[in-house]
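Here are my comments on this model, as numbered points. Please read them with the structure open.

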Amino acid sequence: MTNNASGRNNLRRYVRSAVELPVTVADSNNSVNGHIQFDTQDLSVGGAFVRSDLLFEVGEELGLMFGLPDGKQVRARGRVVRVARETGDEGVAGMGIEFVELPDADRDAILALVTRGSHG
């Protein structure tokens, strides 16, 4: 695997869509008191880039909850695979999160959203 930005696009396995959705995050150890609200910057069936100034550690598992534009509520478990500071290639601080548990119905709903785009 490469760490440079030019090679990163070649590593992506899933269709992504620029979509802004509020995401509620809880860490797996419950060391965060309550839930934290973030926004996605992009989304795929493989994961999401979540904008945030509060950054978890690479490898940390999180519980994620978010609503799709059609009203479907998605619950997933994810692992932080990348952390970007303000100078990251997205230009904003946040985390790349890979879904490690995602029910099939939620995966299908996300796939439908990113295939048609966030405005469809």
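1. A definition comes first, for the charged pairs. A salt bridge here is a side-chain nitrogen of Lys or Arg within 4 Å of a carboxyl oxygen of Asp or Glu. Arg79 and Glu98 meet that rule, with their closest N and O atoms 3.6 Å apart. Arg79 sits in strand E6 and Glu98 in strand E7, 19 residues apart, so the pair links distant parts of the chain. Bear in mind that this is a predicted model.

2. Glu61 belongs to strand E5 and Arg77 to strand E6, 16 residues apart.

3. Which residues do the shared partners join into one network? Glu61, Arg77, Arg79 and Glu98 are joined in this way. The count for the model is five salt bridges. As a general point, side chains of opposite charge can pair when their charged atoms come close.

4. Arg79 comes to 29% and counts as partly exposed. Glu98, at 27%, is also partly exposed. The cut-off matters here: buried means under 20% relative accessible area.

5. Now the nonpolar core. The largest one holds 25 residues, and Leu43, Phe66, Leu68, Phe99 and Ile110 touch the most other members. Strands E2 (22-27), E3 (36-44), E4 (47-51), E5 (61-67), E6 (73-84) and E7 (94-101) each give two or more residues, as does helix H2 (104-116). H2 gives the most, with four residues. In soluble globular proteins, nonpolar side chains tend to be buried together.

6. Leu68 deserves a close look within that core. What does Leu68 contact, leaving aside neighbours within four places in sequence? Its contacts are Leu21, Leu43, Val74, Ala109, Ile110 and Leu113. Leu43 and Ile110 are, like Leu68, among the core residues that touch the most other members.

7. The ring centres of Phe66 and Phe99 lie 6.4 Å apart and the planes are at 20°, so the pair is stacked. Phe66 is in strand E5 and Phe99 in strand E7, 33 residues apart, and the pair links distant parts of the chain. Phe66 is buried, with a relative accessible area of 3%. Phe99 is buried too, at 10% relative accessibility.

8. Last, please check Asp106. This residue is found in helix H2. Is Asp106 buried or exposed? At 6% relative accessibility, Asp106 counts as buried. Not counting residues up to four places away in sequence, Asp106 touches Lys72, Gln73, Val74 and Arg75. Val74 is also a contact of Leu68.

Notes
Residues are numbered from 1 along each chain as its sequence is written. This is a predicted model: local features need pLDDT of at least 70, side-chain atom pairs count only at pLDDT 80 or more; totals for chains, interfaces and linings use all residues. Side-chain values use heavy atoms; hydrogens and water are left out. A nonpolar core is a set of buried Ala, Val, Leu, Ile, Met, Phe, Trp, Tyr and Cys residues joined through side-chain atoms within 4.5 Å. Buried means under 20% relative accessible area, exposed over 50%, partly exposed in between (1.4 Å probe, protein chains only). Contact means heavy atoms within 4.5 Å. Rings of Phe, Tyr and Trp (its six-membered ring) pair if their centres lie within 6.5 Å; planes under 30 degrees apart count as stacked, over 60 as edge-to-face and the rest as tilted.
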